[in-house]
Amino acid sequence: MTTWVKDSRPYLEGWINRTNADRSQLTRIFNGMDEGESRTPSTEAGPQRPEILCPGLEASPWWDKNRFPWIAGLEKAYPDVRGEFLKAWGAAGPNANGIMRHPNSHNLARSGRWSAYYFHLLGQVNQRNMDSCPRTSAVLSGIPGADSAGMSYFSVMDPGTHVAPHCGFINVRVRCHLGLVVPEDCAMRVHEETRDWAEGVAFTFDDSFDHEVWNKSEGIRAVLLFDVWHPDLNDTEKAAMTYMMQVWKEFLYRDVK
């Protein structure tokens, strides 16, 4: 049983009472949580295995980036974003100020090191990092949901890193990567399709599908990673999930400050 799903349910009920939200607009959220309380996704077959699988949302491992009108502006900002990443990474590499080992690194990185420079983590804002990267912060601020749908950070994989197959914990978001530093022999598999990154190019995918990542090169691989809301969500679902991301942060990433 995924106990954190059950334990977090009263928070959603409390939010509905405080805000007078229309509970009928949250049926599929509750259905996903009900099922999540009674199953262990990691032992189930199938390509999409989040702890909370909300029914009725379009399910696609990879998304056509043309679905998202902000992609063009994101890619246009690539030189500035890359420059801010390189400054943040600096000569100190993974020990630089603000860069930390990814909280899932200990159980997912089968080899190498996976690091993160956070801007947002399930409703928690890292203002220091935002202030240090003003252009990146401005870009993220112009993308609906990037500050509330989950996470945003510079994701860095050291040479020889392999992040094991895994699924994100919920299917209410779509994830974007913008390639910043991309040597050869780096790729990501989502479900049955593997793609390479390219510097200055973004792609979008659903991280609730089984996926894995590897860097077989001799250099770092860096991307700007962030989540946005699934296009099928209604406004009430987005508002509820914005609140619940903050709740789930305390269950899933309690020790990340």
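Tutor: Let's start with a rule: rings of Phe, Tyr and Trp, the last by its six-membered ring, pair if their centres lie within 6.5 Å. The model here is predicted, and in it Phe85, Trp89, Tyr117, Phe119 and Phe154 form one aromatic cluster.

Student: How many aromatic pairs does that rule give?

Tutor: The count is 17 aromatic pairs. Take tryptophan 62 with phenylalanine 205: the ring centres are 5.9 Å apart and the planes meet at 55°, so this pair is tilted. Tryptophan 62 sits in strand 1 (residues 62-63) and phenylalanine 205 in strand 11, so to speak a link between distant parts of the chain, 143 residues apart.

Student: Are tryptophan 62 and phenylalanine 205 buried or exposed?

Tutor: Buried means under 20% relative accessible area. Tryptophan 62 has 8%, so that residue is buried. Phenylalanine 205, at 1%, is buried too.

Student: What describes a pair of aromatic rings?

Tutor: You give the distance of the centres and the angle of the planes. Tryptophan 70 is in the loop between strand 1 and helix 3 (71-76), while phenylalanine 226 is in strand 13, so the pair ties together parts 156 residues apart in sequence. Both tryptophan 70 and phenylalanine 226 are buried.

Student: Which rings have a charged end sitting over them?

Tutor: For this you look for NZ of Lys or CZ of Arg over the ring. Tryptophan 62 is one case: the charged end of arginine 195 sits over its ring, 4.2 Å from the centre. Likewise, arginine 23 has its charged end over the ring of phenylalanine 30, 4.0 Å from the centre.

Student: Which residues touch the most other members of the largest nonpolar core?

Tutor: A core is a set of buried nonpolar residues joined through side-chain atoms. The largest has 48 residues, and Leu12, Val172, Met241 and Trp248 touch the most other members. Elements that each supply at least two residues include helix 1 (3-19), strand 6 (151-157) and helix 8 (235-252). Helix 8 gives the most, with six residues. A second, separate core of 32 residues includes Leu74, Ala88, Val174 and Ala222.

Student: What is valine 172 in contact with?

Tutor: Setting aside neighbours within four places in sequence, its contacts include Ile29, Cys54, Trp229, Met241 and Met245.

Student: Where is the pLDDT below 50?

Tutor: Where pLDDT is low, the predicted coordinates should not be read in detail. The chain's mean pLDDT is 90, and 88% of its residues reach 70 or more. Over residues 41-45, though, the pLDDT is below 50; that stretch has seven contacts in the model beyond near neighbours in sequence.

Key. Residues numbered from 1 in each chain as written. Predicted model: local features only at pLDDT ≥ 70, side-chain atom pairs only at ≥ 80, totals over all residues. Heavy atoms only, no water. pLDDT = per-residue confidence, 0-100. Contact = heavy atoms within 4.5 Å. Core = buried A, V, L, I, M, F, W, Y, C linked by side-chain atoms within 4.5 Å. Buried < 20%, exposed > 50% of the residue type's maximum accessible area, 1.4 Å probe, protein only. Helix = DSSP H or I, 4+ residues; strand = E, 2+ residues; numbered from the N terminus. Phe/Tyr/Trp six-rings, centres within 6.5 Å; stacked < 30°, edge-to-face > 60°. Lys NZ or Arg CZ within 6 Å of the ring centre and 35° of its normal.
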